[in-house]
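Here are my notes for you to read alongside the model. Have it open and follow the points in order.

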Amino acid sequence: MLEDCALLAAVSLLSAIQQAYFAKQVGNARMKYKVMPPAVTGSSDFERIFRAQQNSVEFFPVFLVVFWISGLFSNQEIASIIGLAYLFSRCLYFNGYAESSKRRLPGFRIGIAMLLILTILSIGGILNSMSDKYFDFNLAKMIRKLFL
């Protein structure tokens with residue numbers, strides 16, 4: 001069973017490391033711009049970094065849920081590739097936002113697209129699993145037979 005989700009676990013670990021990196025960047029920005037906790041306002045440069053990190057935290061649970069469901073119910077390899085693309089988009093978003101609020105948009109758009117794909121895979125995988133269990137109808141197997 002564990003080998004069936006090793007890629008999902010690896011991407012999840014990378015995502016946690018990424019979140020820690022973003023948090024560290026906020027800590028560094030606090031020191032640089034002299035914004036001491038619990039304050040979250042100050043220099044606009046600090047506020048952009050803080051918002052980039054907070055937005056990443058806000059999307060983190062959504063990512064983890066649709067990532068794991070799509071990997072378990074659809075395809076681990078495809079979900080992992082899309083998950084890595086999402087992590088890349090978060091880097092683009094974070095670094096872009098740190099420079100200017102407009103530069104966050106490309107990473108944000110890519111990230112939303114990756115979440116949408118993972119959500120579609122999740123819904124499809126759950127529906128296929130339920131139809132297989134309760135109606136003895138597995139659309140994924142039928143499609144594979146057509147192409148293999």
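**Notes on the model**

1. Let's start with the largest pocket: 14 residues line it, and Phe-73, Ser-74, Asn-128, Ala-140 and Arg-144 lie nearest its centre. Two elements give two or more residues to that lining, helix H4 (105-135) and helix H5 (139-147). The pocket's volume is about 350 Å³. On a 1 Å grid over the protein atoms alone, a pocket is an open set of points where a 1.4 Å probe fits, with protein on both sides within 12 Å along at least five of seven lines, and lining residues have an atom within 4 Å of a point. Grid points are joined across faces, edges and corners, and the volume is the space filled by probe spheres set on the points.

2. A word on the ground rules. This is a predicted model, where local features need pLDDT of at least 70 and side-chain atom pairs count only at pLDDT 80 or more, while totals for chains, interfaces and linings use all residues. Residues are numbered from 1 along each chain as its sequence is written, and side-chain values use heavy atoms, with hydrogens and water left out.

3. Now look at helix H2 (residues 44-73), which has 30 residues. Helices are DSSP runs (H or I, at least four residues), numbered from the N terminus. From first C-alpha to last, H2 reaches 43 Å, close to the 44 Å expected at 1.5 Å a residue (that is, 1.5 Å times one less than the number of residues).

4. Where does H2 bend? Find Phe-59: the bend there is about 35°, and Pro-61 follows within four residues. The bend is the angle between axes fitted to the seven residues ending at a residue and the seven starting there.

5. The loop between helix H1 (6-33) and H2 holds Pro-38, and a cis peptide bond joins Pro-37 to Pro-38, with omega about 10°. Lys-34 lies in that loop too, and its phi is near 55°, a positive value in a residue other than glycine. Most residues other than glycine have a negative phi, and most peptide bonds are trans.

6. Asp-136, in the loop between H4 and H5, also has a positive phi, near 50°. Is Asp-136 buried or exposed? At 69% relative accessibility, Asp-136 counts as exposed (buried is under 20% relative accessible area, exposed over 50%, partly exposed in between; 1.4 Å probe, protein chains only).
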